Amino acid sequence: MASVALPALSCRSSGEQVKELRVCTNRTCRKQGSFQILETLTALAPPQLRVTPCACLGRCGSGPNLMALPQGLLLRHCATPSRAAEILFSLCCDGREASSSYAVTDALAALALTNNALSQIDAGNLSEAEALLTQALELKPYGGLHRIFKHRSVAKLGMLDYSGALEDISRALALDPNYAEPYLCQGDVYVAKGQYDLAEKSYLKCLEIDPSLRRSKSFKARIANLQKKVVELDVT
């Protein structure tokens, strides 16, 4: 098993694409902040890279530790968001002309803007959230764009900008057709527009991608609301 302390693998130079990045969330790495690193990597990762939690990788004390697959490359000392962003750039750089330092800075700035925007959505400040997410997109981070478009679609839906929300959903799905969450928002838009057949198709597509949602309270609530709307329409 290869083990390095600094990012050392580029998809372009290795000839083999990294498909999964595992983050140890066992006791020692957890104490060293691996859950924060997991969140950062998940938010910044491009669609083709899965980021998943895992059990101990056998290098306790030098973590948080990551494993790049299928190469089996162990990456140590990933203790800060900047370190996580550097690793992602090294593994999944896209051939852009900008140096890695600029790319990492832009990615972290976009992430900060996105996190701020999510707080604004929770507070009901939807126009502020949309503006922040637009700023994040303008930075053109090397990963996570599909998530930013999805978040902006939620803000636009809350502002009753249905066409804008559907446009951002389409952009998110163009980047990652197997991303379940945009289909949830798409279904919500169609429910708001009274297009219940389309809403049902969106929710079913979401469930097809992620069957675990069947147990989600929020998903069940969406289905119940849709069924109620259909019944009300039939009565009238």
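Let's start with Glu 20, which stands opposite Leu 69 in strand S4. Strands here are DSSP runs of E with at least two residues, helices are runs of H or I with at least four, and both are numbered from the N terminus.

Before going on, please keep in mind that this is a predicted model, where local features need pLDDT of at least 70, side-chain atom pairs count only at pLDDT 80 or more, and totals for chains, interfaces and linings use all residues. Residues are numbered from 1 along each chain as its sequence is written, and side-chain values use heavy atoms, with hydrogens and water left out.

Now, what is on the other side of S4? S4 is also joined to strand S5 (residues 73–75) by three bridges, again antiparallel. Met 67 has Leu 74 as its bridge partner in S5. Three residues lie between the strands in this hairpin, and Gly 72 takes a positive phi near 75° there. Look at the side chains of S4 (residues 66–69) too: Leu 66 and Ala 68 point one way, Met 67 and Leu 69 the other, and all are buried. Buried means under 20% relative accessible area, exposed means over 50%, and partly exposed is in between, using a 1.4 Å probe and protein chains only.

Let's move to helix H7 (residues 145–158), where we find Lys 156. Is Lys 156 buried or exposed? Lys 156 counts as buried because its relative accessible area is 8%. Beyond its neighbours within four places in sequence, Lys 156 has contacts (heavy atoms within 4.5 Å) that include Glu 130, Asp 161 and Asp 168.

Rolling a probe the size of a water molecule over the atoms shows where empty space is left. On a 1 Å grid over the protein atoms alone, a cavity is a set of points where a 1.4 Å probe fits but cannot get out; a pocket is an open set with protein on both sides within 12 Å along at least five of seven lines; and lining residues have an atom within 4 Å of a point. Points are joined across faces, edges and corners, and a volume is the space filled by probe spheres set on them.

The largest pocket has a volume of about 390 Å³. Among its 19 lining residues, those closest to the centre are His 146, Arg 147, Asp 176, Asn 178 and Tyr 179. The second largest pocket, at about 290 Å³, has 21 lining residues, with Glu 39, Ala 43, Leu 111, Asn 115 and His 151 nearest its centre.

How many cavities of 30 Å³ or more are there? There is one. Helix H2 (residues 27–31) gives the most to the lining of the largest cavity, with three residues.

Finally, confidence. pLDDT is the predictor's confidence in each residue, from 0 to 100. The chain has a mean of 89, and 90% of its residues reach 70 or more. Over residues 1–14, though, the pLDDT is below 50, while this stretch has 42 contacts in the model beyond near neighbours in sequence. Where pLDDT is low, the predicted coordinates should not be read in detail.

Conventions. Pairing = 2+ DSSP bridges.
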